[in-house]
Amino acid sequence: MEAIMDSHYIRVLPFLFEGLVWTLIITGVGLFFGFILGAIFGLARLSKNKLIYIISSIYVEALRGTPILAQILFIYFGLPDLIGFNIDKITASIIAIALNAGAYIAEIVRGAVYSIDKGQNEAGRSIGLTRGQTMRYIIWPQAFKRMIPPLGNQFVISLKDTSLFSVIAVGELLYMGQQYYGTTFAAFEALTMVCLMYLAITVPTALYLRKVERRLDV
């Protein structure tokens with residue numbers, strides 16, 4: 001028992017828990033803003049205004065068409081050259097998650113709203129609701145129900161994407177594991193625990209999403 005407690009599998013845990021906290025903070029805050037961006041640009045992709053549609057399409061395709069690693073490096077190293085001041089690495093990480101996830105969430109929003117029968121919109125207009133009121137009270141509640149499973153999947157994807165922030169020395173889960181085995185040379189034990197901690201979050205989340213999906217009958 002003493003040998004187990006003194007092993008690298010146990011000694012690495014304080015490092016990993018510290019990294020896990022930052023991983024969850026970056027993912028949570030990034031997805032919060034990502035959902036706002038996704039809702040805005042997703043609805044804009046449904047607009048009949050050509051300018052709004054073109055702007056929203058450029059955002060979605062540009063962010064979905066480039067690797068998130070390139071986006072991270074651009075925000076942290078490239079953007080400061082343009083704006084004239086440095087961006088904190090945590091802030092840069094949150095911006096990267098928000099922008100990247102927002103592009104994918106925009107498609108989730110667009111697809112969910114588009115999947116609602118057009119008769120729902122016509123029914124709302126027939127009882128005197130404006131287009132905005134119809135969206136708010138009739139279309140959006142039904143669409144949001146259909147968004148829940150893919151939004152949960154996006155959480156898992158964004159959570160795993162935070163591992164890429166180790167390239168700019170953000171103290172997330174993988175980076176803290178690297179820091180540990182960089183000084184102890186216990187790479188196998190440290191990386192094993194890193195993977196197990198990711199699985200401890202992603203597997204229960206995936207199982208819960210399946211349960212929600214069945215309950216909502218989506």
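Phe 17 counts as partly exposed, at 46% relative accessibility. The cut-offs: buried is under 20% relative accessible area, exposed is over 50%, and partly exposed is in between, with a 1.4 Å probe and protein chains only. Phe 17 sits in helix 3, residues 13–44. Helices here are DSSP runs of H or I, at least four residues, numbered from the N terminus.

A word on the source. This is a predicted model, where local features need pLDDT of at least 70, side-chain atom pairs count only at pLDDT 80 or more, and totals for chains, interfaces and linings use all residues. Residues are numbered from 1 along each chain as its sequence is written, and side-chain values use heavy atoms, with hydrogens and water left out.

Val 21 is partly exposed, at 45% relative accessible area. Val 21 also belongs to a nonpolar surface patch of about 690 Å². Patch residues have over 30% relative accessible area and no salt bridge, and nonpolar side chains (Val, Leu, Ile, Met, Phe, Trp, Tyr) are joined within 5 Å. A salt bridge is a side-chain nitrogen of Lys or Arg within 4 Å of a carboxyl oxygen of Asp or Glu. Areas are Shrake-Rupley, with a 1.4 Å probe.

Next, the largest pocket. It holds about 620 Å³ of space. Lining residues number 16, and the closest to the centre are Leu 46, Val 113, Asn 121, Arg 131 and Met 135. Helix 6 (89–115), helix 7 (118–126) and helix 8 each give two or more residues to the lining. By type, the lining has seven nonpolar, three polar and six charged residues. A pocket is an open set of points on a 1 Å grid where a 1.4 Å probe fits, with protein on both sides within 12 Å along at least five of seven lines; lining residues have an atom within 4 Å of a point.

Last, backbone angles. Most residues other than glycine have a negative phi. Ala 169 has a positive one, about 65 degrees. Ala 169 lies in the loop between helix 8 (131–161) and helix 9 (173–184). At 27% relative accessibility, Ala 169 is partly exposed.

Phe 185 also has a positive phi, near 65 degrees. Its loop runs between helix 9 and helix 10 (187–216). Buried or exposed, Phe 185? Exposed, at 71% relative accessible area.

Conventions. Grid points are joined across faces, edges and corners, and a volume is the space filled by probe spheres set on the points. Ala, Val, Leu, Ile, Met, Phe, Trp, Tyr, Cys and Pro count as nonpolar, Asp, Glu, Lys and Arg as charged, and the others, Gly among them, as polar. Patches are made of residues with over 30% relative accessible area and no salt bridge: like charges are joined within 9 Å, nonpolar side chains (Val, Leu, Ile, Met, Phe, Trp, Tyr) within 5 Å.
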